[in-house]
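Thanks for coming, everyone. I'll keep this brief. Have a look at the model first, and then we'll walk through it.

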Amino acid sequence: MLHQVRGIVLHHLRYSDTSVIAKIYTNKFGLQSYLVKGVGSSKAKIKLAMFECLNLLEMVVYYRERKNLQTIRELHPAHFFTTLHTDIRKSTLALFINEVISKSIKEEESNPALFDFLFQMVLDLDDPDFFTPDFHLRFMLKFSKFLGFEPRKNYTHNSWFNLHEGIFEDRRSDSGEYIAPEFTGYLNDLLCMDNLCEPSFSIPPSARAMLLNRLIHYYRLHLPEFGELKTPEVLHEILSA
């Protein structure tokens, strides 16, 4: 049966000389794998470039339950990027965010609120009038809400953040892992932002790097299959340049 859907490209891999399998997060069916034939030929209607990470798509697809590979009948861009692929800071942020999403979402079911959040996040990142080097930190905190472990907004001055419990505490216990008080003020400021495009405030590069390290660990604690990331080192290098 044919369905009109929107999608966010997360990954693609070569299936043959002229075919790819694309992992796409959709508004109607959650995470799906699509076999796309003929992308390597000169006469291909669907070009390989359409499957770059975080591309936003309008698609007409065939969908069959319990089938590992779905197929695409039609595909068009839902948005033409203006800065995401030309600004190295944004393209590096996109690679990191794409990796976080890919390691966090496994469900083949519809979650319209999550899809709308991710779709708008990509638009915000591409906004030519907006950039902040803490965008990825803002994203991870907002994304954690949809994954079920958003930090509690109970910050008080000089409190510690308990990574296992996801709460701010007045003192550090002998057990558990924490973010120290000299950094939790920044964490709370990020957590209290209503959207990803709020005006930026100053986070020192060393604090930004520490918070990224701790938030990645936070994800690992709450998502046992999250694993290692390949992009943080490159991200730190680009944002510190």
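Let's start with rings. Rings of Phe, Tyr and Trp (its six-membered ring) pair if their centres lie within 6.5 Å; planes under 30 degrees apart are stacked, over 60 edge-to-face, and the rest tilted. Before I use that, two caveats. This is a predicted model, where local features need pLDDT of at least 70, side-chain atom pairs count only at pLDDT 80 or more, and totals for chains, interfaces and linings use all residues. Residues are numbered from 1 along each chain as its sequence is written, and side-chain values use heavy atoms, with hydrogens and water left out.

Now the aromatics. The structure holds 15 aromatic pairs. Take phenylalanine 139 and phenylalanine 143: this pair is stacked, 5.1 Å centre to centre, with 20 degrees between the planes. Both sit in helix H3, four residues apart, about one turn of the helix. Helices here are DSSP runs of H or I, at least four residues; strands are runs of E, at least two; numbering goes from the N terminus. Are these two phenylalanines buried or exposed? Phenylalanine 139 and phenylalanine 143 are both buried. Buried means under 20% relative accessible area, exposed over 50%, partly exposed in between, with a 1.4 Å probe and protein chains only.

Compare tyrosine 219 and phenylalanine 226. Their ring centres are 5.5 Å apart and their planes are at 55 degrees, so this pair is tilted. Both residues are buried. Ring pairs link a cluster that includes Phe117, Phe139, Phe143, Tyr219 and Phe226.

Next, helix H1, residues 88-104. Why does its length agree with expectation? Its 17 residues should span 24 Å at 1.5 Å a residue, and its end C-alpha atoms are 24 Å apart. The expected span is 1.5 Å times one less than the number of residues. Among the buried residues of H1 are Leu93, Phe96, Ile97 and Ile101.

On to the strands. Strand E2 (residues 19-26) pairs with E3 in the antiparallel sense, over eight bridges. Two strands pair if DSSP finds at least two bridges between them. A hairpin of three residues joins E2 to E3. Isoleucine 21 has leucine 35 as its bridge partner in E3. E3 covers residues 30-37, and seven of its eight residues are buried. E3 also runs parallel to strand E5 (residues 70-77), joined by two bridges.

Last, cysteines. A search of the whole structure finds zero disulfides, meaning cysteine sulfur pairs within 2.5 Å. For cysteine 53, the nearest cysteine sulfur is that of cysteine 197, 18 Å away.
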